[in-house]
Each structure stands twice: as C-alpha cells, then as structure tokens.
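Here are my notes on this one, for you to read with the model open.

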Amino acid sequence: NPNLDLYQKLEQMGIPVVFLHGTYAALPGAVCISDDNFHGGYLLTNYLIKKGHKKIAGIFKSDDIQGHERYNGFLTAFRDAGFPLPDSNVLWYTTEEKDRFLNHKALAKMTDFIQDIIRDCTAIVCYNDEIAFALIGLLREQNVHIPQDMAVVSFDNSSYSEFSSVRITSLAHSPQHIGKIAAETLIRMLRGEEVHSKTIPWTLMEKESS
C-alpha cells in the first residue's frame with residue numbers, strides 16, 4: 001500500500017478515519033464498514049449448488065479486496081460441498097481492464113473464457129451486475145439459453161440486473177447503505193464515542209437468470 005505512511009500520519013495526529021469495503025493488515029486498529037463479501041460469495045455459490053449445479057465458473061476483480069473476499073467465499077462453498085476447486089473456470093480482471101473487458105469485441109480473453117465455460121459449466125458467479133449484464137449478452141450471441149443452459153448470478157442488485165434481457169439473480173445491499181453507516185460511525189468517533197468495524201449482510205434477490 002503506497003499510502004500507508006499517510007494513514008499512519010493521520011493516526012498519529014488523532015484524525016478519525018473510517019475505511020469503506022476493506023482495510024490493511026498494517027493498520028490493525030482501523031475501523032472499516034463493509035458488505036459481508038466472503039459470505040456473499042458463499043451464499044451465491046451455495047444457492048447454485050442447492051439448485052443442482054456442480055460445475056460453476058466465476059468472474060472476479062483482482063485489484064480490490066471485495067473481489068478476493070467474494071472469490072474466497074466462492075471457493076469455501078465448493079470445499080464444503082466436497083467439489084473440486086474450479087481454478088480453471090475462474091477469470092480475473094482489473095479496474096484498468098474493465099472497459100476492454102466489457103467490450104467483448106476488443107478482448108479475445110473474454111470470448112475464449114466463454115467458449116471454455118460453455119463446454120464445462122452450467123452456472124457462473126459474477127463480481128457484479130455490470131459484468132453479468134455483459135456476460136448474458138455474449139452468451140445469448142452464442143445461442144446459450146439463460147438459465148436453461150447457463151445460470152448467472154451476481155452482486156449489487158443494481159439497475160443492470162433489472163434492465164438485462166434476462167433479469168439477473170443478484171445480492172442486494174442492506175437497506176441502510178454502508179456509506180450512511182460509515183458517516184454515522186465517523187460522527188460518533190468525532191464525539192469521542194467507542195466504535196467498531198461492521199460487516200453488513202446481503203439479501204438474495206432471486207430473478208429469472210438462475
């Protein structure tokens with residue numbers, strides 16, 4: 001983390017700091033407000049397993065902690081079910097790659113990945129609805145029927161999940177947004193009150209894609 005010295009200076013100056021989504025091992029006392037991404041990844045994967053899927057692919061973001069936590073939940077659900085780990089059926093992308101990743105005509109990696117999972121998998125967990133939206137478009141171009149041939153699930157329950165050609169089963173955020181909880185936590189810190197990190201559970205919104 002190139003900004004660690006700056007965070008340490010803020011701490012030394014007594015300036016309250018609240019992190020969103022993730023923090024750092026070098027700041028063990030940091031207060032963080034985040035979605036429960038590990039259990040979100042577990043919940044989506046276990047949901048698919050209970051529906052009878054055994055070969056499940058995944059698309060995750062590699063350069064933020066949410067992506068790794070969601071992936072870890074995904075893997076843990078496989079372990080708990082006694083299924084082999086699906087490393088060959090996982091695609092990673094970065095923030096810088098996202099625009100190219102979503103523009104499938106410019107990125108062969110995405111098309112190649114789809115060809116692989118069509119042959120081997122019956123379901124896929126996506127990092128968020130934006131990725132799931134693009135994936136469903138690509139799958140339908142390959143004459144893959146959703147969810148009969150491939151179930152697709154995702155995170156955020158955003159407008160993408162509603163406007164997709166097949167409405168996407170997705171995890172919804174808590175009604176009390178984590179930004180509001182973070183602001184309330186910071187105000188309590190400024191008042192000198194004791195505060196603690198919080199992880200906020202997701203709610204599964206089942207729709208037509210699964």
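1. Ser170 has Met205 in S9 as its bridge partner. Strand S7 (residues 169–172) and S9 are joined by three bridges and run antiparallel; strands here are DSSP E runs of at least two residues, helices are H or I runs of at least four, and both are numbered from the N terminus. Two strands count as paired if DSSP finds at least two bridges between them.

2. Before going further: this is a predicted model, where local features need pLDDT of at least 70, side-chain atom pairs count only at pLDDT 80 or more, and totals for chains, interfaces and linings use all residues. Residues are numbered from 1 along each chain as its sequence is written, and side-chain values use heavy atoms, with hydrogens and water left out.

3. On confidence, the chain has a mean pLDDT (the predictor's confidence in each residue, from 0 to 100) of 91, with 96% of its residues at 70 or more.

4. The six-stranded sheet is open and mixed, in the order S4-S3-S5-S6-S7-S9. Its edges are strand S4 (90–93) and strand S9 (203–205), each pairing on one side only.

5. H2 lies across strand S3 (56–61), strand S5 (123–126), S6, S7 and S9, at about 165° to S6. H3 packs on the sheet too, touching S3, S4, S5 and S6, and its direction makes about 160° with that of S3. Contact means heavy atoms within 4.5 Å; axes are lines fitted to C-alpha atoms, for helices over the stretch in contact, with angles from 0 to 180 degrees between N-to-C directions.

6. How do H2 and helix H3 (residues 65–81) cross? Their axes come within 6 Å and cross at roughly 40°. That makes H2 oblique to H3 (under 35 degrees is roughly parallel, over 145 roughly antiparallel, 65 to 115 roughly perpendicular, the rest oblique).

7. Asn37 is worth a look: this residue of helix H2 (residues 37–50) is buried, at a relative accessible area of 1% (buried is under 20%, exposed over 50%, partly exposed in between; 1.4 Å probe, protein chains only). Not counting residues up to four places away in sequence, Asn37 touches Gln66, Glu69, Arg70 and Trp202.

8. There is also an open three-stranded sheet, S1-S2-S8, with parallel pairing. Phe19 stands opposite Cys32 in S2.
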